Amino acid sequence: MPAMPSPAIQARGVTKTFGRVRALAGLDLDVARGEIVGLLGPNGSGKMTFIRTLAGLIRPESGSIEVLGRSPSRAVADGQVGYMTQAAALYGELTVEENLRFFAALNGVRAAGPRIADALATVDLADRRTSPVNTLSGGMRSRVSLAAALLHAPSVLLLDEPTVGVDPVQRREFWNHFRSLAAAGTTILVSSHVMDEASRCDRLGLIRDGAIVAEGSAARLVERAGAADLESAFLILAEASR
Amino acid sequence: MSVRRVAAVAGRIASQFRRDHRSLGLLVAAPILIMSLIGALWGSVDPASVRVVIAGDGATPPAAALTASLSRAAGLSVRSAGLDAAVASLRDGSADAVVVLAGSPRVIVEGSDPTRTSGTLTALTRALAAALGPATPAPPVEYLYGGPSASLLDSLAPGLIAYFGFFFMFLLAAVSFLRERTSGTLERLLASPLTRGELVAGYLAGFTLFALLQAVILIVFTIAVLGVSYRGGIGAIFVVAAGVATIAVALGLLVSAYARNELQAVQFIPLVILPQGFLSGLLVPVDRLPDLLRPLAGAMPLTYAIEALRAVMVKGYPLGDGLVLRDLAIMAAFGVAALVGAALSIRREVA
Ligand SMILES: Nc1ncnc2c1ncn2[C@@H]1O[C@H](COP(=O)(O)OP(=O)(O)OP(=O)(O)O)[C@@H](O)[C@H]1O
Ligand SMILES: [Mg+2]
């Protein structure tokens, strides 16, 4: 019997407190390789905090986390993780291309030129290559931020509300791209408040007060809640867990 | 003009500020700290006794008589030694003046610091006049460094070069690293294979370029435009100035881990920059500091930078001189400690 490949992401009983705020309260989640999992949950439910623990930025107080079978910081050091923060974190004085060049170099991308061109084509910003980032619109900045997370073709992509402020046409393009990445084996964990986006995930994790309260495909969650659509299912399940 | 709107803005500012406890604390503490420093510095003006070495045969009657009579003068501490040893103690700073008794008496002073020199000469000539009698003409004065024409600026320039270099690089590094934190890009850097050590080294290298440029401008300007005289090699001056900048950048990075915003970063000026201005030998020689403050000077990197830069610029010591090497070594230790501290502090969560 072939050894089961370890899941791309495996979190067990993860907790983290900020002062008096319990941001993560025993969170469990598995994400298989090549799977797209959506994290849904109200504001302040711990989505970013969880993503930050996966990116090696926060050490949980208890519980265990593995990314690709190793510690998150190991996976990050190996260049296997791409992280897109909720707010576009870029250098405003630098141009789009200078930003991408910098992040490519940090991640040890060789022959950055073609990869940058690819990433810019993906987010449809090839014509703004030489614009300083602080002259771009909010949605455009999000797109550059995504491009920066894609450059080194990471095995695990962590996306914190990647499509905030992004128009519907671009959003569809993003998701087509995510699909093709997943088909090629990239694992994607994406947080979102957008239901149409959530329904495109293979699986959803409903998070509330720092713990997963419901898990499954969009169809299963709708069925379980006995709701008409995902949005009402979300509202019902979120209420039920109070 | 609407009073209500003005009041709204004023009220908002007040409540924001009220929540920033550190800024509030500093508002009170900083002036007290600085004023007590100044008070300790100039209030207890230490009538430091002028240390005189009589060079000559201590046994011959005139030398012995002179030694005895100078010893009685207030504010003078007198010992005797051979000429070479006496000059050596001038060099290493353990004496302020040498009275040479071979032939007609003459006086040698160190001369690199005009304030100190004039203080020394005033006390010594008065005592000498009393000891030798009014008939004897005042003995000629020789200067080990500088000379009677050395201006205050000549002696201040090395300190100022070090001080301003430190000041600007510190602020620049602290504020730009803080922006890395507040803009979220630090988050992105830490979620990449970049290590903390690499990040600090990168910052250091990036800023060193500008620090060197600034050092060139400062040095060229003080020498060419202000006409400050210097004796050492320009290269040696440059090495010390670059060392100062390195420490400043490292300290700036370290400090930015403990600030939440630019305002709080700027507040480190009265804590880190100003005390060094008072205590590192820029204004008052370190050995003249009140006993209470002198240990503080020893804990400040600028003390060594200014000492080294003075040695190189005013006294013309080469880089290989023992004193300069010792200062550079201490500066290097400060630099390494600050860099390690900076690297360790990067992950500090500033929420
Ligand atoms: N660095 C921090 N310091 C203090 N509290 C924090 C910090 N980061 C998160 N928190 C707290 O942890 C909780 C979870 O926050 P988190 O940002 O993970 O929520 P989220 O699910 O991403 O919310 P949103 O949908 O609004 O983006 C919140 O109560 C928040 O205030
Ligand atoms: Mg969030």
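Colleague: Is Gly103(B) buried or exposed?

Modeller: Gly103(B) is exposed, its relative accessible area being 66%. Here buried means under 20% relative accessible area, exposed over 50%, and partly exposed in between (1.4 Å probe, protein chains only). This is a predicted model, in which local features need pLDDT of at least 70 and side-chain atom pairs count only at pLDDT 80 or more, while totals for chains, interfaces and linings use all residues. Residues are numbered from 1 along each chain as its sequence is written, chains are lettered from A and ligands numbered from 1 in the order in which they are written, and side-chain values use heavy atoms, with hydrogens and water left out.

Colleague: Where is Gly103(B) placed?

Modeller: Gly103(B) sits in the loop between β3 (97–100) and β4 (106–109) of chain B. Helices (H or I, at least four residues) and strands (E, at least two) are DSSP runs, numbered from the N terminus.

Colleague: How many residues apart in sequence are Gly103(B) and Gly56(B)?

Modeller: They are 47 residues apart in sequence, and 9.7 Å separates them in space, C-alpha to C-alpha.

Colleague: Turning to chain A, how many helices and strands are there?

Modeller: Chain A has 9 helices and 9 strands. Its radius of gyration is 18 Å, close to the 18 Å that the globule rule gives for 242 residues, so chain A is as compact as a globular protein of that length. The radius is taken over C-alpha atoms, and the rule is 2.2 Å times the number of residues to the power 0.38.

Colleague: What share of the residues of chain A count as buried?

Modeller: The share is 53% of the 242 residues.

Colleague: Which residues of helix α8 of chain A are buried?

Modeller: In α8(A), residues 218–225, the buried ones are Ala218(A), Leu221(A), Val222(A) and Ala225(A). They cover an arc of only 100 degrees around the axis, which puts them on the same side of α8(A). The arc is that of the directions from the helix axis to the C-beta atoms.

Colleague: And which residues are exposed on the other side?

Modeller: Ala219(A), Arg220(A), Glu223(A) and Arg224(A) are exposed there. For Ala219(A), the relative accessible area is 56%.

Colleague: What do the buried residues of α8(A) pack against?

Modeller: They pack against β8 (203–208), β9 (211–216) and α9 (230–240) of chain A.

Colleague: Which residue follows α8(A)?

Modeller: Gly226(A) follows the helix, and its phi is positive, near 65 degrees.

Key. Contact means heavy atoms within 4.5 Å.
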